[in-house]
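Please keep the sequence and the model side by side while reading. The paragraphs below move from strands to a helix, then to aromatic rings and backbone details.

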Amino acid sequence: MVKVNLNVTYLSQIISLTLSIKQTTRSTYLKRESSMGSTQVCSSCLQVLTLLVLISFASGSRSGLSPQVLAEQEADRVVRIPGQPKVDFKQYAGYVTIDKSHGKALFYWFFEAIESPEKKPLLLWLNGGPGCSSIAYGAAEELGPFLTQKGVPELKFNEYTWNKAANLLFLESPVGVGFSYTNTSEDIENLGDTIVAKDSYTFLVNWFRRFPQYKSHDFYLSGESYAGHYVPQLAEVIFDANKNATKDNNYIKFKGLL
């Protein structure tokens with residue numbers, strides 16, 4: 001039995017967001033046409049969804065996260081991917097917009113630390129190339145918790161995964177790599193190290209707005225290959241931006257690079 005202890009204002013926000021999510025789910029995901037042409041909805045699915053949202057928000061009330069932030073995090077939550085071994089840590093994946101006017105967004109995959117994620121540092125991993133996917137190679141072939149297997153349609157747990165030591169964030173960068181995209185062709189034509197560093201910094205600022213509980217964590221940069229350019233140039237952008245940032249506004253607790 002889940003015990004929920006919330007104040008009235010917080011509860012009203014939960015109800016509003018829950019109804020909004022249910023309506024979106026009703027109109028977008030759970031529709032099915034009957035033979036008579038009418039629309040039916042899986043009521044049990046909606047009940048489960050509502051319970052999950054309430055549990056998430058109840059937890060959020062204790063952690064100080066707003067219902068809106070919790071809803072955004074829950075939208076990116078990956079419950080399980082096909083062929084994945086059972087694990088207890090949480091994972092998230094999705095897009096973070098870095099330029100609305102250009103339709104420009106970077107894709108990320110985030111694995112919380114296996115134990116005590118609230119106490120572990122946050123590490124951003126970048127592959128190089130340029131053009132190499134940090135998820136398809138860095139996460140799935142090297143240091144992520146799930147590795148692909150040749151000729152076997154299942155993932156295996158990586159005994160040497162880095163999320164034993166840190167909260168692990170993989171970023172598809174720059175746009176055009178992996179699932180990251182832009183709706184403005186000129187963005188692909190005008191890519192360069194300076195733009196990549198700026199875009200990655202904007203991603204981090206917006207990602208921390210979605211996951212503000214990690215703003216207080218020590219932050220590290222790491223990567224390989226051409227990321228030998230990406231990592232130090234992004235580090236410089238963070239270092240310079242921190243000079244004019246406050247801890248409540250875009251400050252990144254940058255500790256070093258690997």
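This is a predicted model: local features need pLDDT of at least 70, side-chain atom pairs count only at pLDDT 80 or more; totals for chains, interfaces and linings use all residues.

Residues are numbered from 1 along each chain as its sequence is written, and side-chain values use heavy atoms, with hydrogens and water left out.

Helices (H or I, at least four residues) and strands (E, at least two) are DSSP runs, numbered from the N terminus. Burial is expressed as relative accessible area: under 20% is buried, over 50% is exposed, and values in between are partly exposed (1.4 Å probe, protein chains only). Five of the five residues of S8 are buried, so the strand is largely enclosed by the rest of the structure. Both of its faces are covered: Asn 167, Leu 169 and Leu 171 are buried on one side, and Leu 168 and Phe 170 are buried on the other.

S8 also has strand partners. Two strands count as paired if DSSP finds at least two bridges between them. Strand S4 (residues 104-111) runs antiparallel to S8 and is joined to it by four bridges; in this pairing Trp 109 stands opposite Phe 170. S5 runs parallel to S8, again with four bridges, and here Trp 125 stands opposite Phe 170.

Strand S6 (residues 146-149) and S7 pair in the antiparallel sense over three bridges, and Gln 149 has Val 152 in S7 as its bridge partner. Two residues lie between S6 and S7 in this hairpin, and Gly 151 in the turn has a positive phi of about 75°.

What does H7 reach from its first C-alpha to its last? H7 has 16 residues and reaches 22 Å, close to the 22 Å expected at 1.5 Å a residue; the expected span is 1.5 Å times one less than the number of residues. Its buried residues are Ala 227, Tyr 230, Val 231, Leu 234, Ala 235, Ile 238 and Asn 242. They cover an arc of only 125° around the axis, which puts them on the same side of H7; the arc is that of the directions from the helix axis to the C-beta atoms. The face turned away from this buried side carries the exposed residues Glu 236 and Phe 239. The cover over the buried residues of H7 includes S5, helix H6 (193-210), S10 and S11, where contact means heavy atoms within 4.5 Å.

The aromatic residues come next. A pair of aromatic rings is described by the distance of the centres and the angle of the planes. Rings of Phe, Tyr and Trp (its six-membered ring) pair if their centres lie within 6.5 Å; planes under 30 degrees apart count as stacked, over 60 as edge-to-face, and the rest as tilted. By this rule the count comes to 23 aromatic pairs. The rings of Trp 125 and Trp 162 have centres 5.5 Å apart and planes at 85°, so this pair is edge-to-face. The pair links distant parts of the chain, 37 residues apart, with Trp 125 in strand S5 and Trp 162 in the loop between strand S7 (152-157) and S8. Trp 125 is buried at 5% relative accessible area, whereas Trp 162 is partly exposed at 34%. The rings of Trp 207 and Phe 211 have centres 4.7 Å apart and planes at 20°, so this pair is stacked. Trp 207 is buried at 0% relative accessibility, and Phe 211 is likewise buried at 0%. One aromatic cluster includes Trp 207 and Phe 211, and among its other members are Tyr 92, Tyr 108, Phe 110 and Phe 254.

Several backbone details remain. A cis peptide bond, with omega about -10°, joins Gly 129 and Pro 130; Pro 130 is in the loop between strand S5 (122-126) and helix H4 (134-143). Ser 225, although not a glycine, has a positive phi of about 60°. Ser 225 is in the loop between strand S10 (219-223) and helix H7 (227-242), and is exposed at 60% relative accessibility. Asn 250 also has a positive phi, near 70°; this residue is in the loop between H7 and strand S11 (254-257) and is partly exposed at 24%.
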